[in-house]
Amino acid sequence: MTGWVKSVYQFRFFIASSIRNELVNQFARSKLGGLWMVIHPLVMVAIYAFVLSAVLSAKFAGIDNRFAYAIYLTSGILGWSLFSEVVGRSVNLFVTNANLLKKMVIPKIALPIITVGAVLVNNLLLFLAILVIFAFLGHGPSLHLLWLPLITAVAALLALGIGLIVAVLNVFMRDVAQLVPIVLQFLFWFTPIVYPLNVIPEDLRGLLSFNPLLPVVTAYHNVLAFQQAPDLSSMVVMASVGLVLTCLGVWMVRRTSAEMVDVL
């Protein structure tokens with residue numbers, strides 16, 4: 001593990017430039033360029049805020065706002081988008097970069113780090129867009145936003161660990177790339193993002209304890225929507241789970257490194 005950390009440090013400039021290039025290439029030959037990084041999340045959040053709140057006027061205890069549903073929904077979407085984008089982009093990471101891995105001597109762990117870095121930039125822009133929309137809705141920021149970097153780090157670590165595992169598995173079993181979107185879709189509806197937790201029957205809530213995203217999304221809801229501190233004990237647990245999964249993913253990459261290049 002120490003060797004991998006040193007390798008990442010040695011290639012830090014390559015990783016930083018790759019993140020920048022990936023962000024730039026998203027909008028190559030676009031007249032508005034990087035503005036689309038702001039326009040897309042602004043439009044998405046605006047739809048949630050104005051359309052869904054008009055249709056679903058749900059009330060949430062702790063959110064004194066007529067757009068309570070939109071505030072609750074977009075708060076959860078911020079955490080979900082980070083997790084799902086990292087995992088979704090990681091599954092084909094080694095397959096699509098096969099030529100790069102064969103031609104250049106770079107640590108394979110650099111590729112998922114580049115992906116996480118690019119997704120974090122996009123997620124930051126989405127967060128800024130949400131703050132703008134919340135301001136228009138009369139839901140101002142609070143000091144509890146200072147917890148958000150910690151929550152984001154836990155979500156990113158959890159996504160990185162799972163992303164590494166599915167990326168390695170997909171090299172040897174290409175069906176994994178077809179399975180991951182289905183699992184993500186199921187996980188989205190199995191997580192209280194578009195509905196509050198209290199609508200689930202008591203006898204079924206125990207199943208949610210197996211959902212690793214529940215504590216993370218709940219933390220986003222607490223900080224952004226309900227403006228209160230997250231449950232630190234659950235954050236410690238999920239950070240530990242994310243660390244274990246990341247270590248497992250790194251071990252899998254290291255164990256299959258030589259064979260992976262041959263298969264690719």
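The structure holds 5 aromatic pairs, where rings of Phe, Tyr and Trp (its six-membered ring) pair if their centres lie within 6.5 Å, and planes under 30 degrees apart count as stacked, over 60 as edge-to-face and the rest as tilted. Before you click, note that this is a predicted model, in which local features need pLDDT of at least 70 and side-chain atom pairs count only at pLDDT 80 or more, while totals for chains, interfaces and linings use all residues. Residues are numbered from 1 along each chain as its sequence is written, and side-chain values use heavy atoms, with hydrogens and water left out.

**Stop one: Tyr72 and Phe226**

Select tyrosine 72 and phenylalanine 226. Their rings make an edge-to-face pair, 6.4 Å centre to centre with 70° between the planes. Now look at where the two residues sit: tyrosine 72 belongs to helix 4 (residues 68-90), while phenylalanine 226 lies in the loop between helix 11 (213-225) and helix 12 (232-255). The pair therefore links distant parts of the chain, 154 residues apart. Helices here are DSSP runs (H or I, at least four residues), numbered from the N terminus.

Are these two residues buried or partly exposed? Tyrosine 72 counts as buried, because its relative accessibility is 5%. Phenylalanine 226 is partly exposed, at a relative accessible area of 22%. (Buried means under 20% relative accessible area, exposed over 50%, partly exposed in between, with a 1.4 Å probe and protein chains only.)

**Stop two: Trp80 and Phe83**

Next, select tryptophan 80 and phenylalanine 83. The ring centres are 6.2 Å apart and the planes meet at 40°, so this pair is tilted. Tryptophan 80 and phenylalanine 83 are 3 residues apart in helix 4, so about one helical turn separates them. Both tryptophan 80 and phenylalanine 83 are buried.

To find it, select arginine 89 and glutamate 85, whose side chains meet at 3.1 Å, N to O. These residues are 4 residues apart in helix 4, so about one helical turn lies between them. Arginine 89 is partly exposed at 25% relative accessible area, and glutamate 85 is partly exposed at 27%.

Technical notes
Salt bridge = Lys/Arg side-chain N within 4 Å of Asp/Glu carboxyl O.
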